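Subject: Structure handover

Hello,

Here is the structure for you to look over. My notes come after it.

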Amino acid sequence: AQKMFGLDGDLLTFDIFVHFGTLLAVIAVFHRSVFSITASTVRGIRSVILERVSPIQLYRDSHDIRLAAAIVFGTIPAVFVGLTLNDPIETLFSSTLPVFLALGVTGIVLLTTLFVRHGSHRIGLVRGIIVGIAQALAIFPGISRSGSTISTALFLRVDRTEAGEFSFLLAIPAISGATVLAIKDIGNRLGDITLTVILFGVISSFISGLLSLILLMRIIRRGKIGYFGIYCLLLSIVGLSWYFLR
């Protein structure tokens with residue numbers, strides 16, 4: 001969109017705050033799960049330290065603890081890719097061509113979920129890591145983070161609702177970490193971007209993220225997320241046409 005609107009200059013600061021707005025939306029929509037997982041983890045750590053309860057036993061007995069473990073270990077692949085391949089990945093953002101090509105890949109992946117039978121599995125450590133690898137691959141521009149993680153969970157026959165919820169719970173540490181890493185350079189990057197623009201960016205991303213998440217979760221529960229693949233393929237075709245005819 002920045003390329004199509006002809007926006008020049010360093011827009012990293014604005015991007016950071018837009019991501020922060022969507023992060024707030026994720027926390028707002030899934031606040032009950034966030035609170036439950038956090039509280040269970042704190043109680044679990046206290047039980048291990050003070051009561052000498054086995055971590056393995058806690059993992060077996062508590063689904064919240066299993067989710068917490070899946071989120072922690074599922075985040076590691078994205079951290080590894082982000083820290084080791086940061087510069088090569090950033091070069092991909094210099095052109096829209098990789099983005100439009102990757103959108104086509106995203107579309108195909110999403111469409112294949114229409115042929116996956118509804119599963120009833122729950123997220124555990126192994127499935128969490130596999131979904132985390134899908135999230136790491138989504139660092140490449142044009143690969144949908146939520147699309148790839150939800151699709152992967154569905155391929156693993158995870159319950160639809162849990163697949164959608166885990167996808168966005170997994171996004172919290174990923175987006176938070178990326179924001180913290182990028183915000184250290186924010187002092188010298190404001191440039192012509194005013195605080196008013198930043199504020200409206202956060203507000204608009206929060207509101208649109210909130211409404212999108214509510215709608216998306218309903219679509220996921222109905223098993224219709226695959227239809228987003230049509231949108232991605234059309235966007236890929238239009239984008240490639242714009243790129244080569246520009």
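Below are the findings, by topic.

This is a predicted model: local features need pLDDT of at least 70, side-chain atom pairs count only at pLDDT 80 or more, and totals for chains, interfaces and linings use all residues. Residues are numbered from 1 along each chain as its sequence is written, and side-chain values use heavy atoms, with hydrogens and water left out.

Helix packing. The axes of helix H2 (residues 31-50) and helix H4 (residues 63-84) cross at roughly 95° and come within 9 Å. Helices are DSSP runs (H or I, at least four residues), numbered from the N terminus. Axes are lines fitted to C-alpha atoms over the stretch in contact, with angles from 0 to 180 degrees between N-to-C directions. H2 is therefore roughly perpendicular to H4 (65 to 115 degrees). From H2, Ser-36, Ile-37, Ser-40 and Thr-41 meet Asp-64, Ile-65, Leu-67, Ala-68 and Ile-71 of H4 (contact: heavy atoms within 4.5 Å).

Salt bridge. The count is one, under a rule of a Lys or Arg side-chain nitrogen within 4 Å of an Asp or Glu carboxyl oxygen. Arg-122 pairs with Glu-162 at 3.0 Å, N to O. Arg-122 sits in the loop between helix H6 (97-112) and H7, and Glu-162 in helix H9 (residues 160-183), so the pair ties together parts 40 residues apart in sequence.

Best regards

Definitions and conventions
Helix = DSSP H or I, 4+ residues; strand = E, 2+ residues; numbered from the N terminus. Parallel < 35°, antiparallel > 145°, perpendicular 65-115°, else oblique.
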